[in-house]
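Here is a short briefing on a protein and its ligand.

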Amino acid sequence: MTDKPIPSPPPSPILSSRRAARVAPFLAMDVMSAAAAREARGEGVVHMEVGQPSAPAPRGVIAAAQAALATGALPYTQALGLPALRERIARHYAETYGVAVAPSRIVVTTGSSAGFVLAFLALFDAGARVAVPQPGYPAYRSLLHALDLVPAPLILRDADRFAPTGVALRDLHAREALACILVMSPANPSGTVIEPERLADLCATARGLGLRFISDEIYHGLAYGLPTETALRYDDDAIVINSFSKTWCMTGWRIGWMVVPDWLVRPVERLAQNLYISAPYLSQVAALAAFDAVEEVEAVRAGYAANRALLLDAFPGLGLGRTHPADGAFYLYADVSALTNDASAFCRRMLDEAGVAATPGLDFDAVDGGHHVRFSFAGSRSDCIDAVRRLKGWLR
Ligand SMILES: Cc1ncc(COP(=O)(O)O)c(C=O)c1O
């Protein structure tokens, strides 16, 4: 028998761009899929993996959407958004923060996610470095990579309550020549609220260094004691990004906004026209009613506050007592190093064996995330009670 030559494999096709290959998957979404598979097998899951309110959108929002839908006409709007909504958002700044913002500076977007793409595209050329908090929301990093920009991790320290500081910014800029700093308060996953004096210092430091300032304020309105101040109070040129997703329980409506300086309105408008034409009409009309739902929003916030207290009380007894500040948002970011050094494997087992879905820290921090897990308490009180009961049995 003669040996047949083994055919060499065909050259592997180029499947995606290098930019796309640099974008990491969202581990939280992967956990969500594994949890869905478990549920499809008829096994229960307590969902603490995704930052998603379990409460519905405010009643007025739903009624406004129903009325708009009944007319049958759902047109495009101007790329910058419905004038009435831009005016209503501007009024929100006057009423909530006492800060005057002209409606012409408001851009309505398809969730805050689109706001980041618009800001990055409008502000920077390829190669610009943007300081992003670490641990921090993973999409900042991924979007910057996808746009040929460079995320520069601004490491948050326990000694600073995991808040960025002017000193840390100055040090990073000396090493990495930044173009911008992006901050969030309250933060995901740490929950840290940047206190007003520190925010003022950060804005002044960035301005002194000639850096752009982007402030993600999506969790404003969800804090448990500390005040949440807009960066616009300290820097009229700050680019503020916000959304109806979290505070108003409207994740799937895909509606958010940005506040930009006058000189950035037209560049952002041109990009928005071409990227998505306009945010969904139905969601824009509905969002107009959101700011009036003060009592409903406060009731939801009070529910989160109770969930937070319940978990903060129970976690130490489970070996999960070392958590980041949780001043706001709806997460407990827990150090699990007493239990494991592999948070991803830990989360897989926690889902398989206890039916509790949570997100491994590597989503938020490529360095220290291996021994952290993020638990969302945006679900119901009974979810939190059930999670503690399951974890008690599992971690015994
Ligand atoms: C800090 C932060 N910013 C932005 C977003 C994106 O939200 P959306 O696009 O729904 O407004 C999230 C979602 O989890 C977040 O946690």
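With 396 residues, a compact globule would have a radius of gyration near 21 Å; the protein's 22 Å agrees with that. The radius is taken over C-alpha atoms, and the globule rule is 2.2 Å times the number of residues to the power 0.38. This is a predicted model: local features need pLDDT of at least 70, side-chain atom pairs count only at pLDDT 80 or more, and totals for chains, interfaces and linings use all residues. Residues are numbered from 1 along each chain as its sequence is written, and side-chain values use heavy atoms, with hydrogens and water left out.

**Overall build**
- The C-alpha atoms fill a box of roughly 75 × 60 × 55 Å along the principal axes.
- The protein has 13 helices and 12 strands, which are DSSP runs (helices H or I, at least four residues; strands E, at least two) numbered from the N terminus.

**Shell around the ligand**
- The shell holds 15 residues, and Ser113, Asp216, Tyr219, Ser245 and Lys246 come nearest; a shell residue has a heavy atom within 4 Å of the ligand.
- Helix 5 (residues 111–123) gives the most to this shell, with 4 residues.

**Polar contacts** (pairs of N or O atoms within 3.5 Å)
- A polar side-chain atom of Asp216 lies 2.7 Å from a ligand nitrogen.
- The side chain of Tyr219 places an N or O atom 2.7 Å from a ligand oxygen.
- A polar backbone atom of Ser112 is 2.8 Å from an oxygen atom of the ligand.

Note on methods:
A polar contact is a pair of N or O atoms within 3.5 Å; within protein, one must be able to donate a hydrogen and the other to accept it, and residues adjacent in sequence count only if both atoms are side-chain atoms.
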